[in-house]
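Got a model open and want to know what holds its pieces together? Let's walk through it one question at a time.

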Amino acid sequence: MHFVELAVQNVRGFSPAGRFALKTGYFVLKPPTAEPSPLAGLSLALLYADGRGGDAAFSATAQKPGKGALTFVGQDTLTYRVLREMGGGGTLHRLNPTTKQPELVTQDTGEANQFLRGQVGLPPRTTFEQLFTLQAAQLPSRRPRSGGRTMSTPGMPAARTLSSPGMPAVRTASSPGLAAAQSVLPASDIPAAEAKQRELEKELVLCKEVDNLQFEVDGLNSQVFSLESKLRSTEPLKEKLREAEALWNAEPTPESMGLPADIVARAERYGRVLARRDEALARLLSEKDVADEEAARLPDVQPLVRNRNFWIAVGVGVACLIASFFVPKTVRYVALLDVPAFGFAAVLALRYVEELQDKDRVERRGEMFAAREKKIAEEFEAEAGPVRKAMEVFDVDTPQDIPPRLQRREQLGATVAELRTQLISQEKHPDFIDAGNQLPIIRQQIELLNAQIEQKGSFVRDLREVERELSRVKDSIALARNPHLAGGVVPGMETAAHGTQALEDPSPQLLGLTGDLLATDIQAVMGLARERCVQYFSALTERRYTGVEWDRDGRTSVIGASGRRLPLSELPPREVDLFFLSLRLTLVEKVSARVKLPLIVEDAFIGVDESRLPLLGRMLKHLGTLTQVLHVTPLAGFPQLSDGTVNL
């Protein structure tokens with residue numbers, strides 16, 4: 001999750017009206033005045049509105065209510081925008097990923113809060129406020145102090161300082177983080193107690209080994225989670241691809257509607273086919289008219305039997321032929337006249353046949369025209385029939401309206417192809433491939449470490465429990481060897497400062513909230529944060545402290561460079577603040593490997609030595625590579641280390 005844009009109007013601490021683009025990384029936000037802008041409080045008011053009107057205090061003037069709008073990307077990778085009027089109502093919108101238009105989610109404050117928690121992945125208000133907003137008012141030195149003295153713990157009397165001849169003043173059992181001297185009795189059998197001490201020392205070594213192995217396992221598990229998150233980074237794209245494929249498959253195809261696959265091409269060339277048909281029919285009609293004119297010019301064919309000339313010629317020929325038998329031989333040459341007579345009759349008969357052939361030819365040309373017209377109509381129907389059917393199916397008036405009705409499937413197909421290309425590109429990215437290659441190796445390392453832990457023993461007590469028991473055994477031996485200390489004095493401890501109130505230890509609350517956020521127990525959070533917290537704290541205190549320990553309840557003890565262990569409450573307030581900053585930065589770093597939430601810093605480094613500010617800036621710069629860090633400060637040194645600046 002990260003913030004994208006903040007818009008304000010008449011909100012104190014900001015410009016009278018403005019829109020501020022917020023990017024990922026480490027960004028410095030410069031307030032308009034020397035006072036830090038209340039970005040954390042405004043963000044809480046926008047994201048966790050209670051509907052009681054308390055956020056009206058953010059208005060710059062009482063005459064006109066302030067307004068704020070925050071755009072952010074949720075854990076579900078969707079973009080949301082919450083708009084509120086300070087002291088009034090508000091709305092929650094979601095950006096539709098398809099249309100890129102905002103859609104109203106709800107106008108009810110309760111529904112909006114529930115939606116942000118359940119759907120968007122926003123943590124509880126206390127978790128977000130205590131872990132992901134860092135303000136000067138949260139520093140232990142600026143918070144109300146507990147009422148007891150430094151040496152007291154809840155449920156126990158205040159500490160007492162006792163002295164004996166030759167011994168320095170010491171602290172009693174009520175000192176937090178040490179064995180309770182008043183509950184330790186002198187050892188009745190010193191050799192047995194010493195043997196017990198040696199056994200506990202061996203067990204302590206074993207516990208440290210197992211604890212170190214478990215710490216390595218926790219670190220590798222964190223890497224596994226990071227690699228799995230990287231491999232799961234393609235899941236949103238895969239889900240989009242599945243949705244696009246489902247829409248593409250659900251979209252009707254030409255085949256499913258009984259249309260040819262090339263119906264779009266047919267619809268596009270329908271006009272040309274129609275014009276070609278009309279042209280062919282016009283040409284056929286012209287030829288038919290010419291044929292009709294020729295047929296009209298042809299005379300009517302008179303039957304041969306009605307042709308008088310034919311019969312005259314035939315009669316003359318027959319008469320001449322018969323006369324040749326009855327006339328004298330000297331005039332028989334008259335019979336030769338039958339040849340031209342019969343020839344003339346034959347010519348008339350041939351002419352009659354020709355006229356019949358011409359008439360038949362004209363008649364057959366009409367049949368040919370009819371056949372050509374039928375063929376033209378059939379060819380046109382074969383091409384245009386599916387188009388007319390498609391017009392009926394889609395209920396459109398013209399063929400030009402058909403392609404847009406089928407264009408959605410083509411667009412969905414193009415979207416599917418593009419998503420597939422993006423998925424292949426992501427899966428071929430070197431980081432993705434490296435994550436896939438490293439994951440089985442790290443899992444194998446975890447299995448080997450778990451096998452080593454099992455070899456150390458099926459049950460190993462908690463390291464701090466063994467340390468406490470060993471401390472009690474040592475105290476019992478010391479009391480047995482020095483009976484005059486049986487009044488409840490523990491040797492080797494310094495006098496407590498009377499009259500000084502203890503600062504509240506921030507660890508129990510912060511570790512508990514982190515455990516709730518990561519759905520794990522507080523001991524797992526301690527193991528996850530211990531090494532990194534030591535690194536931060538040691539760097540900020542110039543190596544004066546080399547270790548940090550927490551008891552079962554999360555109370556803090558620090559180990560100095562000399563190896564001396566002190567409860568956090570005995571440190572100077574400035575160093576308690578440095579430990580608080582170290583722990584906060586550590587928890588944000590570890591949580592960001594699993595849950596991305598923006599860190600809002602409102603100039604929380606008041607009272608910190610200026611020499612340490614560049615180091616804190618580099619720490620925030622490092623956190624900016626893991627999650628979004630928004631640092632509100634007027635100081636000039638931090639912008640040089642940031643990824644960018646925004647003027648509020």
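This is a predicted model: local features need pLDDT of at least 70, side-chain atom pairs count only at pLDDT 80 or more; totals for chains, interfaces and linings use all residues.

Q: What percentage of the 648 residues of the chain count as buried?
A: A residue counts as buried when its relative accessible area is under 20%. Of the 648 residues in the chain, the share that passes is 41%.

Q: Among contacts between residues at least 6 apart in sequence, what percentage join residues at least 24 apart?
A: Contact here means heavy atoms within 4.5 Å. Taking the contacts between residues at least 6 apart in sequence, the share that joins residues at least 24 apart is 71%.

Q: Is the ring pair Phe-72 and Tyr-80 stacked or edge-to-face?
A: Searching the whole structure turns up eight aromatic pairs. In the pair made by Phe-72 and Tyr-80, the ring centres are 6.0 Å apart and the planes sit at 25 degrees. Both residues, Phe-72 and Tyr-80, are buried. Planes under 30 degrees apart count as stacked, so the pair of Phe-72 and Tyr-80 is stacked.

Q: How many residues apart in sequence are the parts tied together by Tyr-270 and Phe-380?
A: The rings of Tyr-270 and Phe-380 have centres 6.3 Å apart and planes at 50 degrees, so this pair is tilted. Both Tyr-270 and Phe-380 are buried. Tyr-270 belongs to helix H7 (residues 270-297) and Phe-380 to helix H9 (residues 338-394), so the parts that the pair ties together are separated in sequence by 110 residues.

Q: Which residue lies over the face of Phe-380?
A: For an Arg, the test is that CZ is within 6 Å of the ring centre and within 35 degrees of the ring normal. Arg-532 lies over the face of Tyr-536, at 4.7 Å from the ring centre. Over the face of Phe-380, at 4.3 Å from the ring centre, lies Arg-277.

Q: Which residues of helix H3 are buried?
A: Helix H3 covers residues 125-132. Its buried residues pack against strand S1 (2-9), helix H1 (39-47), strand S8 (133-135), helix H13 (507-518), H15 and strand S14 (599-602). Ring pairs also link Tyr-48, Phe-128 and Phe-132 into a cluster. The buried residues of H3 are Thr-127, Phe-128, Gln-130, Leu-131 and Phe-132.

Q: Are H15 and H16 roughly parallel or roughly antiparallel?
A: Helix H15 (residues 573-592) packs with helix H16 (residues 613-624) at an angle of about 15 degrees, and their axes are 10 Å apart. The contact uses Leu-585, Val-588 and Glu-589 from H15, and Leu-616, Met-619, Leu-620, His-622 and Leu-623 from H16. H15 passes H16 in a left-handed crossing. Angles under 35 degrees count as roughly parallel, so H15 and H16 are roughly parallel.

Q: Is Thr-77 exposed or partly exposed?
A: Thr-77 sits in the loop between strand S4 (67-73) and strand S5 (79-85). Its phi is near 70 degrees, a positive value in a residue other than glycine. With a relative accessible area of 49%, Thr-77 is partly exposed.

Q: Is Glu-542 buried or exposed?
A: Glu-542 is found in the loop between helix H14 (522-540) and strand S11 (545-550). Though not a glycine, Glu-542 has a positive phi of about 55 degrees. Exposed means over 50% relative accessible area, and at 54% Glu-542 is exposed.

Note on methods: Residues are numbered from 1 along each chain as its sequence is written. Side-chain values use heavy atoms; hydrogens and water are left out. Rings of Phe, Tyr and Trp (its six-membered ring) pair if their centres lie within 6.5 Å; planes under 30 degrees apart count as stacked, over 60 as edge-to-face and the rest as tilted. Buried means under 20% relative accessible area, exposed over 50%, partly exposed in between (1.4 Å probe, protein chains only). Helices (H or I, at least four residues) and strands (E, at least two) are DSSP runs, numbered from the N terminus. Axes are lines fitted to C-alpha atoms, for helices over the stretch in contact, and angles run from 0 to 180 degrees between N-to-C directions. Angles under 35 degrees count as roughly parallel, over 145 as roughly antiparallel, 65 to 115 as roughly perpendicular and the rest as oblique. A crossing is left-handed if the near helix is turned anticlockwise from the far one by less than a right angle, and right-handed if clockwise.
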